[in-house]
Amino acid sequence: MSEVAVVEESAGVPGGPIQAFTVTLIIRRFDPEVDAEPHWQDFDVEMYPTDRVLDALHKIKWEQDGSLTFRRSCAHGICGSDAMRINGRNRLACKTLIKDLDISQPIYVEAIKGLPLEKDLIVDMEPFFESYRAIQPFLIASDKPDKERIQSVAQRAVFDDTTKCILCAACTSSCPVFWTDGQYFGPAAIVNAHRFIFDSRDEGSQVRLDILNDKEGVWRCRTTFNCSEACPRGIEVTKAISEVKAAILRGNPGLPSSDLVLTPVGA
Amino acid sequence: MTTIDAPRTPHTPVTKNRRVNWEKWGWLYMRASGILLVVLIFGHLFVNLFLGTGVKQVDFAFVAGKWASPFWQVWDVLMLWLALIHGGNGMRTIINDYAHGRPRQVMLGLVFAAVAILIVLGTLTLVAFDPCPTGADPSLLPSFCPASSK
């Protein structure tokens, strides 16, 4: 009798053990060596409410079909490897809990759109990284200070949002302009340009503003907000793009002047 | 399977070509003309359909009366140009987004032709409008003309 009581107590969860459920995943498969066109294939997997879409993909790859191909590295929403289209929306597979989707229906998983499909859920990211490289995503500064480059809290806050980008391509591959015209820089490149354009320590703003003032630059943005909705890091992408547009019209980033009050240590 | 072109490889070193940046000015034009058009169109609707006896007042004489005043001539010419270029530029961006090659050229040509023809015709009507042309058949003239036979 007492033994039973102990077991119930150690289970610790009201209502007994965690319920598993079966969910159907319909995955868009493509093997360039065999298939002429991609096709949909369904898999049934047993999952727990604590599982993510990435866990379901692992379970399929490890237990049902080892040929399923997808990218993932850290599996915790930082590396940006596993952006994919889940139920028609770009998300990170490692940040999407299956129980948060409608599990009474099959879950559709496919590769992100607008980039060349290589195999199953893997696309060629090179065009994406090429436009990222084009906006010169690094600090351009001529001075060589002895210590760190000082920046006030207000100056840092201006570009705080865009420092959060993990380059997963969820925004760029959700953009309808990018789908039909791969020449467009795309939201991710503009976000990363924003991160340096509005950095008071950087001296290359004018170069980046000129690059984005191009035919395929910020003016192609139609403000559809797909990118802001897709971003797994919650970056206000459309707002960042609009700030870059305003900066181009103004001719400069219009940064807040330094409000630092430097007091000697120990004074 | 469709593949898309790679974005420009190592970015063209910012060429200082001082040519007009049509994309930028087009984008600005859409904002500026949009604000003006809100005022112009709602002013137009208010005066035509609300003031006076409302929608019943709109007839040939009403329009002729409005266009006798330079104020309404300028108002309508502005509305015509701003709205047609605004709409035409909007169509241009949509075509540029979704059409490629020959169809894009054809559709851009059609949009440009439609805008140009409507602007020329409309402006001609507004500037040269005369409700009582001299020497016209008196039976065709509206009743308020001195030469009318009605």
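Predicted model: local features only at pLDDT ≥ 70, side-chain atom pairs only at ≥ 80, totals over all residues.
1. Sorted by class, the contact of α3(B) with α4(B) comprises 15 nonpolar, 5 polar and 3 charged residues. As a general point, an α-helix has 3.6 residues a turn, so residues three or four places apart point the same way.

2. Chain B as a whole has 4 helices and 0 strands, and its elements follow one another from the N terminus as α-α-α-α. Of its 150 residues, 30% count as buried, while its accessible surface comes to about 10200 Å², with 73% of that area belonging to carbon and sulfur atoms. Among contacts in chain B with a separation of 6 or more, those between residues 24 or more positions apart account for 56%.

3. Turning to chain A, an open sheet of 5 strands has the order β2-β1-β5-β3-β4, with mixed pairing. Strands β2 (39-47) and β4 (89-92) of chain A stand at the edges and have a single partner strand each, so one side of each is left without a neighbour in the sheet. From one strand to the next the twist averages 35°. Helix α2 (residues 53-64) of chain A packs on this sheet, where it touches β1 (21-29), β2, β3 and β5 of chain A, and its direction makes about 100° with that of β2(A).

4. Which strands does β3 of chain A pair with, and in what sense? Strand β3 (residues 83-86) pairs with β5 (residues 107-110) of chain A in the antiparallel sense over 2 bridges, and β3(A) also pairs with β4(A) in the antiparallel sense, over 4 bridges. Ile86(A) takes part on both sides: it stands opposite Val109(A) in β5(A), and its bridge partner in β4(A) is Arg89(A).

5. The hairpin of β3(A) and β4(A) has 2 residues between the strands, and in it Asn87(A) takes a positive phi near 50°; this is a positive value in a residue other than glycine. Asn87(A) is found in the loop between β3 and β4 of chain A, and at 33% relative accessibility it counts as partly exposed. Thr223(A) likewise has a phi near 50°, again in a residue other than glycine. Thr223(A) is placed in the loop between α7 (205-212) and α8 of chain A, and is partly exposed, with a relative accessible area of 30%.

6. Leaving aside its neighbours within four places in sequence, Arg85(A) is in contact with Asn90(A), Tyr108(A), Val109(A), Glu110(A), Ala111(A), Ile112(A), Lys113(A) and Trp179(A).

7. Two further positions in chain A may be noted. Thr50(A) lies in the loop between β2 and α2 and counts as exposed at 57% relative accessibility; its C-alpha atom is separated by 9.7 Å from that of Ala20(A), 30 residues apart along the chain. Ser228(A) lies in helix α8 (residues 226-230) and counts as partly exposed at 21% relative accessibility. Not counting residues up to four places away in sequence, Ser228(A) touches Ile235(A), Glu236(A), Val237(A) and Thr238(A), whereas the C-alpha atoms of Ser228(A) and Leu25(A), 203 residues apart along the chain, are separated by 26 Å.

Conventions:
Residues numbered from 1 in each chain as written. Chains lettered and ligands numbered in written order. Heavy atoms only, no water. Buried < 20%, exposed > 50% of the residue type's maximum accessible area, 1.4 Å probe, protein only. Contact = heavy atoms within 4.5 Å. Areas by Shrake-Rupley, 256 points an atom, 1.4 Å probe, with all protein chains shown as cover. Pairing = 2+ DSSP bridges. Axes fitted to C-alpha atoms, helices over the stretch in contact; angles between N-to-C directions. Nonpolar A, V, L, I, M, F, W, Y, C, P; charged D, E, K, R; others polar.
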